[in-house]
There are 2 protein chains.
Amino acid sequence: MKTRRADRLVDMTDYLLNRPRKLVSLTHFAERYDSAKSSISEDLAILKRAFHERGIGLLETLPGAAGGARFVPYMLQAEADEFINELVTEVSDETRVLPGGYVFLSDLLGRPDILRRVGRLIATQYINTEIDAVMTAATKGVPMAQAVATELNVPFVIVRNDSKITEGPTMSVNYLTGSSKRVEKMELSRRSLPTGSRVLVVDDFMKAGGTIKGMMSLVGEFEGTVVGAAVFAEGRVSERVVDKYTSLIHVDTLTSDGNGITVAPGNYQSEIYTTEL
Amino acid sequence: MKTRRADRLVDMTDYLLNRPRKLVSLTHFAERYDSAKSSISEDLAILKRAFHERGIGLLETLPGAAGGARFVPYMLQAEADEFINELVTEVSDETRVLPGGYVFLSDLLGRPDILRRVGRLIATQYINTEIDAVMTAATKGVPMAQAVATELNVPFVIVRNDSKITEGPTMSVNYLTGSSKRVEKMELSRRSLPTGSRVLVVDDFMKAGGTIKGMMSLVGEFEGTVVGAAVFAEGRVSERVVDKYTSLIHVDTLTSDGNGITVAPGNYQSEIYTTEL
């Protein structure tokens, strides 16, 4: 039975939102709703306008009978700035500071409402970039990796310090932890990542960047290409071993009284919002 | 400026899908679109019908000027059966069997298209259940926990064997691993979970269920209530220490030739689809 336009609009929105960056053909929608392709084209024009006006994302439409639509999520800078200000306020809390100057962030990285926006914000930087996989380090990078991978609609892979017997053959690299200059080992299941993949590296927290740099060299061992690096928070350090990365917030616990915490927006504005969306 | 109905339907769909199980007031939508509440009510009736017809979820609407709408995602059994059959086919692959009878599943638990459906399927069981948090064990339970927590729109917390210095004060329990009968310790940051929470426990793989049982006792230490347990895959064991759980697939690698793998649907049908949606 032919589906009404109103119902089509609701279902097409759900359908496309759940399949970011995948091309869905006009034919597919025409069959799904038993409707003419010309009607579907009109529906897509409405979706495109509403997605644009509400800052939901870009709906790329390919015209013609063989055409279709591809939804690419993004976040406009106004929403991003508001979100980051929320994060800055949440993290600016002295009770988060732990011995050694570490900062408790696990609660925020366990909140779906925050993770959804983290994913959309980071994906915004890669609207026009082909990415095959997101890589992160166990355990605390996982939520951010999953959030970003969900918006990019690509798999994420988890690098570990302690490879488990349930991972099968692994590839490993040694790396220098940035702050304490210890040599450590990280490994990834061979089967997780096809060789030659284009990889976005993400993590929850970056100080000197040793872990990020280690993951980058691991991508090299898989003959892949690093398309970028993104972290939820960056700390203050005298020397960084990674020069190109995106951070959402900047956290500094090294204040004179040894207890305080200073939080500021990270470099996301200059990394992500270089051109108008 | 007053928003057109077609544009409202698209944006309301996006808005509600991104806020599962939260009540959004008519007033909020009326202001967002500069439209009369009566028009918004008509919109919501369309969404409710389309969500129902397409198996997207339940849109609970509260009538009257003080009313609103709450979107509760679910998955109909036909879609669930199709999804589980897909998983059974994917996992039925001898090359997944690792020494010791372990099964490689990390690739599937790193795919957003699979995780989205895992989340919707497990959330279906708890449509009418109040849940405050999802709990899992590091590292491999995290993707599933995040997927389920996203559909329930509640935080997830990660229990660890090796508590890091960035977690702050922790609560710990000792537990008996089901298969090898070793005593181990698992801990959770005190700050992660408010006391008295209603908790859904999830994990990627369950054999005897020692880890699940350990997490259940940890919930008790936080004076919480376990509302249920769900795993992606269950293995074959002679004795199980957890009696009530939901599994998506059942994996058996203990076949006579020592190499094969037998995969079947888990108990999700009898646990989730007991009443008509």
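**Helix α2 of chain B and beyond**

Mentor: The buried residues of α2(B) are covered by elements of chain B that include α1 (5-17), β1 (23-25), α3 (37-53) and β3. Keep in mind that this is a predicted model.

Trainee: Which residues of helix α2 of chain B are buried?
Mentor: In α2 (residues 26-33) of chain B they are B:Leu26, B:Phe29, B:Ala30 and B:Tyr33. Seen down the axis of α2(B), these buried residues fall within an arc of 100 degrees, so they line one face of the helix.

Trainee: What comes just after α2(B)?
Mentor: B:Asp34, with a positive phi of about 50 degrees.

Trainee: Moving on to the cores. How many residues does the largest nonpolar core have?
Mentor: 90 residues. Those with the most contacts inside this core are A:Leu121, A:Phe232 and A:Ile249, together with B:Leu121, B:Phe232 and B:Ile249. There is also a second, separate core of 44 residues, which includes A:Ala30, A:Phe51, A:Ala69 and B:Val24.

Trainee: What does A:Phe232 touch?
Mentor: Leaving out residues up to four places away in sequence, the contacts of A:Phe232 include A:Leu87, A:Leu105, A:Leu108, A:Leu109, A:Val118 and A:Met144. A:Asp203, A:Asp204 and A:Ser247 are also among them, as are A:Leu248 and A:Ile249.

Trainee: Next, the two chains. What rotation superposes chain A on chain B?
Mentor: A rotation of 180 degrees, with 0.0 Å of shift along its axis and an RMSD of 0.0 Å. That is the relation of a two-fold axis.

Trainee: And which surface do the copies meet through?
Mentor: They meet through the same surface, because 100% of the interface residues of chain A are also interface residues in chain B.

Trainee: Salt bridges now. How many over all chains?
Mentor: The count comes to 36. One of them joins the side chains of A:Glu79 and A:Arg120, at 3.1 Å from N to O. A:Glu79 is in helix α4 (residues 77-91) of chain A and A:Arg120 in helix α5 (residues 112-125) of chain A, so that pair links distant parts of the chain, 41 residues apart.

Trainee: Are those two buried or exposed?
Mentor: A:Glu79 is partly exposed, with a relative accessible area of 27%. A:Arg120 counts as buried at 17%, since the cut-off for buried is under 20%.

Trainee: What about chain B?
Mentor: B:Arg70 and B:Glu60 meet in a salt bridge through their side chains, 2.9 Å from N to O. This pair links strand β3 (residues 68-73) of chain B, which holds B:Arg70, to strand β2 (residues 57-62) of chain B, which holds B:Glu60, and the two residues are 10 residues apart. B:Arg70 counts as partly exposed at 22% relative accessibility, and B:Glu60 counts as partly exposed at 24%.

Trainee: Where do B:Asp252 and B:Arg236 lie?
Mentor: B:Asp252 lies in strand β10 (residues 246-252) of chain B and B:Arg236 in the loop between β9 (225-235) and β10, so the pair ties together parts that are 16 residues apart in sequence. Their side chains form a salt bridge of 3.4 Å, N to O. B:Asp252 is buried, at 11% relative accessible area, whereas B:Arg236 counts as partly exposed at 44%.

Trainee: Which residues are linked in a network of salt bridges?
Mentor: A:Arg5, A:Arg8, A:Glu42 and A:Asp43 are linked in one.

Definitions and conventions. Residues are numbered from 1 along each chain as its sequence is written. Chains are lettered from A and ligands numbered from 1 in the order in which they are written. This is a predicted model: local features need pLDDT of at least 70, side-chain atom pairs count only at pLDDT 80 or more; totals for chains, interfaces and linings use all residues. Side-chain values use heavy atoms; hydrogens and water are left out. A nonpolar core is a set of buried Ala, Val, Leu, Ile, Met, Phe, Trp, Tyr and Cys residues joined through side-chain atoms within 4.5 Å. Buried means under 20% relative accessible area, exposed over 50%, partly exposed in between (1.4 Å probe, protein chains only). Contact means heavy atoms within 4.5 Å. Copies are superposed by least squares on the C-alpha atoms of residues with pLDDT of at least 70 in both. A salt bridge is a side-chain nitrogen of Lys or Arg within 4 Å of a carboxyl oxygen of Asp or Glu. Helices (H or I, at least four residues) and strands (E, at least two) are DSSP runs, numbered from the N terminus. The arc is that of the directions from the helix axis to the C-beta atoms.
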